[in-house]
Amino acid sequence: MKKSLAGYFVAGALLATLATGCTSRPNAEELKQLEDLKAEITSLERQIAAKQSEAAALQKAIADKQAQLAQCEKEKALVQERLKGM
Amino acid sequence: MNMKLMKSVILVAALVLFVGSTAAAQEMTKDEWQKQMTEFTAKRNQLKSNLTAVQAEVDKLKKEDAALAAALKKCNDDLMALVGADAAAERAFAAKLDEIDAKINELSRLSNQDLWARKGEIDDVQKMLDEVKKNKLSALSKYYERIKEQQNRLDALKKTLETAQLAMTYTVGTWAKDRDCLWNIAKKPKIYDNAFLWPKIWQGNKDKIKNPDVIKKGQVLSIPPKADLTKEEKAAVRSYWNKKKAAEQPAAAPAKQ
């Protein structure tokens with residue numbers, strides 16, 4: 001009983017080895033190509049994040065300037081009105 | 001014994017082969033590599049396209065920001081042109097306002113009596129304030145509001161002065177009982193504690209006292225805050241004594257005839 005169990009075990013292992021041994025695999029150059037591609041993606045993601053931050057900062061600066069400009073135009077009208085009364 | 005050893009060797013070898021084949025099965029196959037290459041290439045291309053789009057957005061925003069900065073500068077320049085001032089004139093104007101602020105702060109800290117003694121300075125500050133109000137720079141909101149606040153504070157000081165003046169009064173008693181005359185009233189410790197300041201009470205109540213030698217019982221006299229006699233008060237005293245002398249002289253004059 002013990003003998004037959006060991007036999008099955010050995011046979012299974014040999015079969016698995018044969019099955020994996022026959023599959024084709026990428027060579028070192030191809031693997032490097034894949035790694036380079038991954039690195040390029042990471043770099044692009046970083047660049048996009050940086051640009052998005054820059055865009056957000058610019059949008060804030062623009063909003064501030066728009067508010068300042070509106071205030072300045074309002075002030076101009078007020079000053080003109082006050083100067084008339086002087 | 002040999003048989004047992006043989007079995008053990010076979011078992012270990014089978015185990016090693018099994019583990020080795022499992023690890024090999026976990027390595028990437030060519031198909032998987034190809035699949036990942038395709039997937040990542042597509043992702044890279046998409047990211048490149050995204051980067052181009054974000055860059056274009058940033059460039060557009062930069063242009064917009066620059067245009068707004070220019071518009072803002074023009075608006076500020078227009079504003080300064082409206083009030084006809086340059087940076088140096090504005091600095092001088094702001095310094096004048098600081099000076100007014102300092103004066104008002106100083107006067108605000110004074111007691112009512114000291115404030116009365118320096119009431120002329122309130123008028124001086126009012127003149128300074130009137131002067132800055134004529135400057136076109138005062139139309140700028142930042143100065144306009146400040147000047148308005150300064151005027152309010154100065155008005156409050158004037159009000160304090162008026163209230164202080166109204167608050168100090170003395171009701172004249174009788175000569176028989178109180179020995180009340182301007183000299184004695186001024187001498188009272190609660191009034192001036194200085195009889196020589198009597199002209200102050202006289203001049204402060206010109207509407208009620210025509211002749212300083214005559215005050216009536218029940219008259220309510222306002223008492224100006226204690227201070228040295230002013231030029232006007234001194235002149236009034238001189239005039240009072242001259243009139244007194246003149247009134248005494250007619251008796252001797254006819255002798256000259």
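Of the 257 residues that make up chain B, 12% count as buried, meaning that 20 or more other C-beta atoms lie within 10 Å of the residue's own, while exposed means 12 or fewer and partly exposed is in between, with C-beta atoms placed from the backbone. In chain A, buried residues make up 5% of the 86 residues. Keep in mind that this is a predicted model, where local features need pLDDT of at least 70 and side-chain atom pairs count only at pLDDT 80 or more, while totals for chains, interfaces and linings use all residues. Residues are numbered from 1 along each chain as its sequence is written, and chains are lettered from A and ligands numbered from 1 in the order in which they are written.

Walk along chain B from the N terminus and you pass α-α-α-α-α-α-β-α-α-α-β-α. Take the contacts in chain B with a separation of 6 or more: 65% of them come from residues 24 or more positions apart, a contact being two residues with C-beta atoms, placed from the backbone, within 7 Å.

Let's zoom in on one pair of helices. Two packed helices are described by the angle between their axes and the distance between the axes. In chain B, H3 (residues 87-108) packs against H5 (residues 119-134) at an angle of about 155°, and their axes are 10 Å apart. That angle makes H3(B) roughly antiparallel to H5(B), a label for angles over 145 degrees. On the H3(B) side, the residues that meet H5(B) include B:Phe93, B:Leu97, B:Ile100 and B:Ile104; among their partners in H5(B) are B:Ile122, B:Val125 and B:Leu129. The residues of this contact divide into 10 nonpolar, no polar and 3 charged, where Ala, Val, Leu, Ile, Met, Phe, Trp, Tyr, Cys and Pro count as nonpolar, Asp, Glu, Lys and Arg as charged, and the others, Gly among them, as polar.

Finally, look at two loops of chain B. B:Arg179 sits between helix H7 (175-178) and helix H8 (182-187), and has a positive phi of about 55° although it is not a glycine. B:Arg179 counts as exposed because it has 12 C-beta neighbours inside 10 Å. In the loop between H8 and helix H9 (198-204) you'll find B:Asp193, another non-glycine with a positive phi, this one about 60°. B:Asp193 has 11 other C-beta atoms within 10 Å, so it is exposed.

Methods. Axes are lines fitted to C-alpha atoms, for helices over the stretch in contact, and angles run from 0 to 180 degrees between N-to-C directions. Helices (H or I, at least four residues) and strands (E, at least two) are DSSP runs, numbered from the N terminus. Angles under 35 degrees count as roughly parallel, over 145 as roughly antiparallel, 65 to 115 as roughly perpendicular and the rest as oblique.
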